[in-house]
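Dear colleague,

Here is the structure I said I would pass on.

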Amino acid sequence: GIRLMAITYPRTLPGHTGIRGITLRAVSVTAVAESVFTLRQQILKHTGERWEAEVTLPSMGRADAEPWVAWLLSMRGRDGTFLLGDPLAATPLGSAGGTPLVNGANQTGTSISIKGCTANQNNWLKAGDYIQISSGSSSSLHKVLTDADSDSGGIALPEIWPAINTAPGANSAVVTSNARGVFRLASSSQDWSISEISQYGIVFPAVQVIV
């Protein structure tokens, strides 16, 4: 009989063409009250922080474009999810050795304790490196904000953005190469352009999934 290949999420990006570019946007929710008399400001920092992205694909013919179109439609609007990261930062600037894991449960906030790092490493992670916490549908993408060393016990404590809202389980994986997070399309409608020279143009916006 005919076997139906069910689509499961999060999906990976099609890899047959590469991408032309990604615009990454870091969004932090803050409220600002400014006096009309003194111009003094009061800032209220809310907990909301997330990645937003716009992915631009190269101009391509139909044979290359149709798998992308099918992939976009497979998201079924904002229902499906996919994994996305910064392709130019796949390799960390820090040494990032060892087998890093989340060091203990109940960690939320703007830093995370990581165990299993190569011990006594200056700049185990460098400011600007990415890490991925957990895997599959729980994957979250974070940027390291300050250089982070590992101690004699192989523990590092990097400051990260965005903050962790839902604590990962103890011993969850910490990925330092090809780090990705779970995103969904930013719109319930998808479009693509078709030119008179039979070239397809595809751009799609996405937002990080917050759980």
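The notes that follow cover the nonpolar cores and then the salt bridges.

Please keep in mind that this is a predicted model.

The largest nonpolar core has 23 residues. Trp68, Trp71, Phe82, Phe183, Ile202 and Phe204 have the most contacts inside it. At least two residues each come from strand S2 (41-56), helix H1 (62-74), strand S3 (82-84), strand S11 (181-185) and strand S14 (203-208). H1 gives the largest share, 5 residues. Setting aside neighbours within four places in sequence, Phe183 is in contact with residues including Trp51, Phe82, Leu84 and Val207. A second, separate core has 15 residues, among them Ala96, Ile112, Ile131 and Ile133.

There are 5 salt bridges in the structure. One of them joins Glu52 to Arg50, with the closest N and O atoms 3.0 Å apart. Glu52 counts as buried because its relative accessibility is 16%, whereas Arg50 is partly exposed at 30%. Arg25, Arg50 and Glu52 are linked in a network of salt bridges.

In helix H1, Arg62 and Glu66 also form a salt bridge, at 3.0 Å from N to O. The two are 4 residues apart, which means about one helical turn lies between them. Arg62 is exposed, at 55% relative accessibility, and Glu66 is partly exposed, at 29%.

Lys126 and Asp147 pair at 3.7 Å, N to O.

Regards

Key
Residues are numbered from 1 along each chain as its sequence is written. This is a predicted model: local features need pLDDT of at least 70, side-chain atom pairs count only at pLDDT 80 or more; totals for chains, interfaces and linings use all residues. Side-chain values use heavy atoms; hydrogens and water are left out. A nonpolar core is a set of buried Ala, Val, Leu, Ile, Met, Phe, Trp, Tyr and Cys residues joined through side-chain atoms within 4.5 Å. Buried means under 20% relative accessible area, exposed over 50%, partly exposed in between (1.4 Å probe, protein chains only). Contact means heavy atoms within 4.5 Å. A salt bridge is a side-chain nitrogen of Lys or Arg within 4 Å of a carboxyl oxygen of Asp or Glu.
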